Amino acid sequence: MSCLLCLCSRGLAQELEIDVVGLFKNAAMLKIGGKEQLLKAGDRSLEGVLLVSADSKGAVIEVNGESMDLDLSSHISTSFKRPAETSVSILRNGTGQYLTRGTINGQSVQFLVDTGANIVALNSPIAASLGLDASQGRRVNVSTAGGVTESRLITLDVIQIGNIKVSNVRAAVIVGNYPEDILLGMTFLQHVNISETGGVMQLKGKF
């Protein structure tokens with residue numbers, strides 16, 4: 001099956017052909033512009049095509065926020081605009097930390113970028129102030145500077161830093177006042193490329 005998308009770049013429309021080469025559970029082999037790419041559910045191609053879901057019967061892609069069903073008999077033609085590059089620069093502070101403002105579910109917060117944290121983490125008072133209900137989250141124990149304490153795993157609808165937005169981000173709500181700042185861990189950072197030069201960290205969205 002193939003579909004033609006109109007790729008808008010610098011104001012010029014170009015045709016982008018997409019072929020479904022293979023379908024698997026939660027993955028699809030797509031040929032985009034003549035180049036084969038294996039995408040897992042949640043992955044976005046270099047051209048900005050997001051694979052939402054897939055199984056042996058078909059796949060769902062997202063283009064410009066619009067979902068489209070692909071199967072062996074369908075044909076889709078739509079206007080497609082390549083996502084603009086998204087990046088954020090963060091200045092290192094006097095204590096060697098990278099602090100930045102952002103939002104959780106639309107509410108303003110401060111993050112501490114922590115590449116050593118495998119998950120976004122926030123303390124229970126901050127979670128309560130944001131209206132997050134962690135009571136139904138899976139209970140896990142975590143090691144902190146004060147010892148082992150309880151936390152609850154939840155899913156945040158959206159985290160946004162500058163113009164970088166990531167949906168459905170796993171996070172740990174830790175009982176007590178640790179960490180003081182919300183740790184921006186790898187459940188968010190896995191969606192960006194990170195570089196650091198001269199005390200400036202740059203986060204660039206993966207598209």
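Predicted model: local features only at pLDDT ≥ 70, side-chain atom pairs only at ≥ 80, totals over all residues.

Biologist: Which residue in strand 6 is the bridge partner of Leu-50?

Modeller: Glu-62 is the bridge partner of Leu-50 there.

Biologist: What's the strand order in that sheet?

Modeller: The order is 5-6-7, in an open sheet of three strands with antiparallel pairing. Strand 5 (50-54) and strand 7 (66-70) are the edge strands, each pairing on one side only. On average, neighbouring strands of this sheet are turned by 25° against each other, direction ignored.

Biologist: What holds strands of a sheet together in general?

Modeller: Strands pair through backbone hydrogen bonds, and the pairing can be parallel or antiparallel.

Biologist: OK, switching to the inside. How many residues are in the largest nonpolar core?

Modeller: There are 29 residues in the largest nonpolar core, and Ile-159 and Phe-188 have the most contacts inside it. Several elements give two or more residues to this core, including strand 9 (87-91), strand 11 (107-113), strand 14 (147-161) and helix 2 (186-189).

Biologist: And which strand gives the largest share of this core?

Modeller: That's strand 15, with five residues.

Biologist: Back to Ile-159: what is it in contact with, leaving aside neighbours within four places in sequence?

Modeller: Quite a list: Thr-103, Ile-104, Phe-111, Val-120, Ile-164, Lys-165, Val-166, Val-169, Leu-184 and Phe-188. There's also a second, separate core of 15 residues, and Ile-18, Ala-28, Ile-32 and Leu-70 are among them.

Biologist: Now a couple of serines. Is Ser-151 buried or exposed?

Modeller: Ser-151 counts as buried, because its relative accessibility is 0% and the cut-off for buried is under 20%. Ser-151 sits in strand 14.

Biologist: What does Ser-151 touch, not counting residues up to four places away in sequence?

Modeller: Ser-151 touches Arg-138, Arg-139, Val-140, Val-142, Ala-172, Val-173 and Ile-174.

Biologist: And Ser-129, buried or exposed?

Modeller: Ser-129 counts as exposed, because its relative accessibility is 56% and exposed means over 50%. You'll find Ser-129 in helix 1, residues 124-129.

Biologist: What separation do the C-alpha atoms of Ser-129 and Gln-107 have?

Modeller: Those C-alpha atoms are separated by 9.9 Å, with Ser-129 and Gln-107 lying 22 residues apart along the chain.

Methods. Residues numbered from 1 in each chain as written. Heavy atoms only, no water. Pairing = 2+ DSSP bridges. Helix = DSSP H or I, 4+ residues; strand = E, 2+ residues; numbered from the N terminus. Axes fitted to C-alpha atoms, helices over the stretch in contact; angles between N-to-C directions. Core = buried A, V, L, I, M, F, W, Y, C linked by side-chain atoms within 4.5 Å. Buried < 20%, exposed > 50% of the residue type's maximum accessible area, 1.4 Å probe, protein only. Contact = heavy atoms within 4.5 Å.
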